Each structure stands twice: as C-alpha cells, then as structure tokens.
Amino acid sequence: MAQTQTILIGIDGGGTGCRLGVECSGQRHLVETGPTNVTTNFAQSVETLTAGLSTLADIAGLSMSDLQGAHAHLGVAGVLSRDDAARLGAALPLKRAVITDDQITTLRGALGRDDGIVLSLGTGSFVARQTRGDVKTIGGWGLILGDEASGAWLGREAIATALRAKDGLETDSPFLKSLAPRLMDFVGAPKQADFAALAPDVITAALQEDPKAITILDQALAYLERVVSTLDPQANLPLCLIGGLARSYRDLLPDALSKRLVPARGTAIDGAFDLAREAALS
C-alpha cells in the first residue's frame, strides 16, 4: 500500500465539468468527468466525484484506501456554506478532505500565494482579492442575482434589450435587429450557456460601434472598474484576468486596469493541489 502521507488530491469541480488529480511519488495523474454543482444537483455531484476518484485510483495504480487517507482539497461549484461542505464531505470516501467552493481554488491557482486580484470572466463571473492569505470575494451569485460582466450576463442583457426594442421601449440598432429571429428561443427557460453563446456577438457588435452593444459592454466594464476599486482603493494590487472571456476583455479594459495585469500562475486544479499541500504541511 502506498504511504498516504505522500499522496495529495486536488479537485476542480465546476458546473460544466470536473477535473480530479492525484500526486504521488512526484507524478500527477488527472481525470476529467462531468459537471459537479452541489446546489443544482447534489446526488449527481456525489456520483460524479465518487466515480472520478475510483478512476483516478485505477490510472495512478493506487487503491481507494490509499486515496481515503490522503490530504485533499476540493473546490466544488455550489458549495455556499460550511453546511454544504460538511454534507458533501460526509458523502465522499475521503477522510482528510477540505472542501470549499471553486472560487477559492481558482484564486489560489491564478495567484499562488501572492497578493492580488483575480477577475474570473467566463459563462459566470466573480472577482476576488488575496492579501497576506486573507480572501475577499465579490459576485459569483449566479445569473439570476448577479454574474455581471460574464458571458451569460452579456447575452441576457442583449436579449432583454432586443425584447424592449421589439415592444417599442428601446430604439433599435443593427445588432438588435440581428437578434430578432432568435428572440423567442430565449423566452421560457433558457440556460446560462445559451446566453453566454451570444457574448462574442455582443463584443463584436460593440467594436463595430453598434450603440446598443456599446451600452451593454460599457456597463460591464464599469462594473469591473467599480469592483476593483472596492477591493483595492489604493490601486496597487496586480490584476489577473482569467476565464473564457479573458482574452476579449484584456483588450477592452481601461488603461488604469490593463497596465496592472499579470499572467495567471496556474489553473484551479493547481490551486487545489497547493491548498492540499499546505494542509499536509501544517
């Protein structure tokens, strides 16, 4: 049997997919599985994580008992409270696991242990500050209550504006007219991914000077400026831009923010491993 004190487990459990990893004897083995969001589907998340751990043990040449005693850090979407973390921990076969939401692992992966601010802009969004190990997050509340500047938010704002134009409450624009054939597809129960798929169109239209697209994008950029200013009034922390929209936003940020950008040190699963390693050494 492998010595459990030499084994680390890192898990990045996102709403669209999960990555599980184990480090043993200087080697890292990774497995990718389906979505894990304990708020939207707890049972499915437990099943996905349990099956992923079993596969991980197989490819690493370990037994499940080896993994059970290993130091593990799980960053899982939908973990909103200590009760959520405790409930998930009780359902998994890991005895030395720390469970947080995936914002914590994303932040550690991007910044390592350095001070800074992370702007995570993909289908959803959140902004987080790390200073001397202390973490403060803003956003990440989902599309219904927030996720400003995210891909899903951009798409939803575009559809909402186009619907107001259809009703005669907004002046029309070429971009809004281009959305007209698709509007009814979004009336009912659209998914976040459906809205997020429109984000590149919003950005392209704004760059082509469509007035309505510009308004939406300006609102997103103003939100990011406000959040960064709230987290760092002295404007002296480096900024790390990550997520599926990172490349698009990088060229759109005002100079005051763009000049502070630094590259991400690693991914969320790198952050999970670093947190597991930290726990093992404490």
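Me: Where is Ala235 in the chain, and why is Ala235 called partly exposed?

Reply: In this predicted model, Ala235 sits in the loop between helix 9 and strand 9 (239–242). Its relative accessibility is 45%. Buried would need under 20% and exposed over 50%, so 45% makes Ala235 partly exposed.

Me: What makes the backbone of Ala235 worth a look?

Reply: Ala235 has a positive phi of about 55 degrees and is not a glycine. Most residues other than glycine have a negative phi.

Me: Which residue after helix 8 also has a positive phi?

Reply: That is Glu209, which follows helix 8 and has a phi near 70 degrees. Glu209 is not a glycine either, and it lies in the loop between helix 8 and helix 9.

Me: How do you know whether Glu209 is buried or exposed?

Reply: The relative accessible area of Glu209 is 63%. The cut-off for exposed is over 50%, so Glu209 counts as exposed.

Me: Let's turn to helix 8. Which of its residues are buried, and how do you know on which side of helix 8 they lie?

Reply: The buried residues of helix 8 (residues 199–207) are Ala199, Val202, Ile203, Ala205 and Ala206. They span an arc of only 165 degrees around the axis, so they are on the same side of helix 8. Among the elements that cover these buried residues are helix 5 (151–166), helix 6 (174–179) and helix 9 (211–231).

Me: Why is helix 8 called roughly perpendicular to helix 9?

Reply: The two helices pack at an angle of about 115 degrees, with their axes 8 Å apart. Angles of 65 to 115 degrees count as roughly perpendicular, and that is why helix 8 gets this label relative to helix 9. The crossing of the two is left-handed.

Me: What makes up the contact between helix 8 and helix 9?

Reply: Val202, Ile203, Ala205 and Ala206 of helix 8 meet Ala213, Ile214, Ile216 and Leu217 of helix 9. Sorted by class, this contact has 8 nonpolar, no polar and no charged residues.

Me: Why are helix 1 and helix 3 called oblique?

Reply: The axes of helix 1 (residues 42–60) and helix 3 (residues 82–91) come within 10 Å and cross at roughly 45 degrees. Roughly parallel would need an angle under 35 degrees, and roughly perpendicular runs from 65 to 115, so helix 1 and helix 3 are oblique to each other. Their crossing is right-handed. On the helix 1 side the contact uses Phe42, Val46 and Leu49, and on the helix 3 side Arg87, Leu88 and Ala91. By class, the residues of this contact are 5 nonpolar, no polar and 1 charged.

Me: Back to loops. How do you know whether Ser25 is buried or exposed?

Reply: Ser25 is in the loop between strand 2 (18–24) and strand 3 (27–33). Its relative accessible area is 67%, and the cut-off for exposed is over 50%, so Ser25 is exposed. The C-alpha atoms of Ser25 and Ile7, 18 residues apart along the chain, are separated by 7.7 Å.

Me: And what makes Ile144 buried or exposed?

Reply: With a relative accessible area of 80% against a cut-off of over 50%, Ile144 is exposed. Ile144 lies in the loop between strand 8 (134–139) and helix 5.

Methods: Residues numbered from 1 in each chain as written. Predicted model: local features only at pLDDT ≥ 70, side-chain atom pairs only at ≥ 80, totals over all residues. Heavy atoms only, no water. Helix = DSSP H or I, 4+ residues; strand = E, 2+ residues; numbered from the N terminus. Buried < 20%, exposed > 50% of the residue type's maximum accessible area, 1.4 Å probe, protein only. Arc of directions from axis to C-beta. Contact = heavy atoms within 4.5 Å. Axes fitted to C-alpha atoms, helices over the stretch in contact; angles between N-to-C directions. Parallel < 35°, antiparallel > 145°, perpendicular 65-115°, else oblique. Left-handed = near helix turned anticlockwise from the far one by under 90°. Nonpolar A, V, L, I, M, F, W, Y, C, P; charged D, E, K, R; others polar.
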